[in-house]
Amino acid sequence: MAGAAAAAAKAGGASAEASAAAGGHAVMQSLGLFLVAWLVVTLVFAIASLGTNAVIVSAFALLTLTIVLLVTAYLGASSAGVPSDSVLHTAGYVEIVLAAVAFYPVLAELTNDIRGRDVFPLFALNRDRQAVAQTA
């Protein structure tokens, strides 16, 4: 298929490099649109998490920010199909922080369950639900 695109580009007078750049740009745009769909899903989960605890809400907020940065980088790709390096790097740093934040609730749930007490707090946002869980 790539050979056919290059042959068509040469027949139309465009260089193979220009054809490849246009193809790369189209791929970046498609990836950006794919991530927009995931952004919608992530926003729904972030809104649903508002009744849980601060750690989960923070994780979804960071995930949403990461996807927004990735969408910005890919939809803002140059005509040569190169995404914005600085935005991609920023997304990577936010993702590293996200990994640490997302690790914490797993550690907290396991440790708190094994120890039978709150060793690592999760900072519940819904106090009524927390009171019901403690009485149960």
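**Helix packing and core of a predicted model**

In this predicted model, 24% of the 136 residues of the protein chain count as buried.

Q: What makes up the secondary structure of the protein chain, and in which order do the elements run from the N terminus?
A: The secondary structure comes to five helices and zero strands.

Q: Why are α3 and α4 called roughly antiparallel to each other?
A: Helix α3 (residues 54-75) and helix α4 (residues 85-115) pack at an angle of about 160°. Angles over 145 degrees count as roughly antiparallel, and α3 and α4 are therefore described in that way.

Q: What else describes the packing of α3 and α4, besides the angle?
A: Two packed helices are described by the distance between their axes as well as by the angle. For α3 and α4 the axes are 9 Å apart. The crossing of α3 and α4 is left-handed. The residues of the contact of α3 with α4 divide into 19 nonpolar, four polar and one charged.

Q: What makes the largest nonpolar core, and which residues have the most contacts inside it?
A: A nonpolar core is a set of buried nonpolar residues joined through side-chain atoms within 4.5 Å. The largest such core has 16 residues, and L35, I67, L69, L70 and Y74 have the most contacts inside it. Helices α2 (16-48), α3 and α4 each supply at least two residues of this core. Helix α3 gives the most, with eight residues.

Q: Which residues is L70 in contact with, leaving aside its neighbours within four places in sequence?
A: L70 is in contact with L35, L88 and A91. L70 and L35 both belong to the residues with the most contacts inside the largest nonpolar core.

Q: Why is I56 called partly exposed?
A: I56, whose place is in helix α3, has a relative accessible area of 25%. Buried means under 20% and exposed means over 50%; the value for I56 lies in between, so I56 is partly exposed.

Q: Which residues does I56 touch, not counting residues up to four places away in sequence?
A: I56 touches S49 and P105. I56 and V101 are 45 residues apart in sequence and 8.3 Å apart in space, C-alpha to C-alpha.

Q: How many of the contacts between residues at least 6 apart in sequence join residues at least 24 apart?
A: Among these contacts in the protein chain, 62% join residues at least 24 apart.

Technical notes
Residues numbered from 1 in each chain as written. Predicted model: local features only at pLDDT ≥ 70, side-chain atom pairs only at ≥ 80, totals over all residues. Heavy atoms only, no water. Axes fitted to C-alpha atoms, helices over the stretch in contact; angles between N-to-C directions. Helix = DSSP H or I, 4+ residues; strand = E, 2+ residues; numbered from the N terminus. Parallel < 35°, antiparallel > 145°, perpendicular 65-115°, else oblique. Left-handed = near helix turned anticlockwise from the far one by under 90°. Nonpolar A, V, L, I, M, F, W, Y, C, P; charged D, E, K, R; others polar. Buried < 20%, exposed > 50% of the residue type's maximum accessible area, 1.4 Å probe, protein only. Contact = heavy atoms within 4.5 Å.
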